[in-house]
Amino acid sequence: MKLLIINGPNLNLLGLREPDIYGNRSYESLCAFIGDACKAEGIEYKLFQSNHEGAIVDEIQGAYGVFDGIVINPAAYTHTSVAILDALKAVEIPAAEVHLSDINSREEFRRHSYISLAAKITICGKGFEGYKEAILFLKDYLK
Ligand code: CA2
């Protein structure tokens, strides 16, 4: 089983700002956490982070026929991107949406997610653990 893990804009800055919302651990430690979770389950994985919407769309398109599942934290594009939603629908790869923070208890504009319209599950407010939950969900969903 192969999973593509996508992180959207500014998540590469994790740990540098807003620790009260996103925690004080770095993007590199998130990558290590995800890697450990996948290895523990015998899952092959690729990590991808971009600050560019089109690059994320390209990565999703390229996943067709290569990856069995996608874990995606689209970051701010969650609330704006019909293009990422359409890409996920087009490739029909089961996707699990993750947010470090609880987007439903923050500003009004964060409460709507375009990506949820394509995701099999949305996990919010669990920090790094949310990625592990998404990985385990997809492992079970794909068996
Ligand atoms: O809670 C999440 O994981 C979010 O997807 C994070 C996004 C935000 O736009 C979504 O509404 C919820 C923002 C990621 C930005 O991360 C930062 C990292 C360091 C400093 C500032 C922001």
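The lining of the largest pocket is made up of 9 nonpolar, 6 polar and 5 charged residues. Here Ala, Val, Leu, Ile, Met, Phe, Trp, Tyr, Cys and Pro count as nonpolar, Asp, Glu, Lys and Arg as charged, and the others, Gly among them, as polar. The model is predicted: local features need pLDDT of at least 70 and side-chain atom pairs pLDDT 80 or more, while totals for chains, interfaces and linings use all residues. Residues are numbered from 1 along each chain as its sequence is written, and side-chain values use heavy atoms, with hydrogens and water left out.

Of the 20 lining residues, Pro 9, Asn 10, Leu 11, Tyr 22 and Ala 75 lie nearest the pocket centre. A pocket is an open set of points on a 1 Å grid over the protein atoms alone, where a 1.4 Å probe fits, with protein on both sides within 12 Å along at least five of seven lines; lining residues have an atom within 4 Å of a point.

Where does the ligand sit? Its place is the largest pocket, in the sense that more than half of its atoms lie within 2 Å of the grid points. Around the ligand are 17 residues, each with a heavy atom within 4 Å of it; the closest are Asn 73, His 79, Leu 100, Ser 101 and Arg 110.

An oxygen atom of the ligand is 2.9 Å from a side-chain N or O atom of Arg 110, and one is 3.0 Å from a side-chain N or O atom of His 99.

Technical notes:
A polar contact is a pair of N or O atoms within 3.5 Å; within protein, one must be able to donate a hydrogen and the other to accept it, and residues adjacent in sequence count only if both atoms are side-chain atoms.
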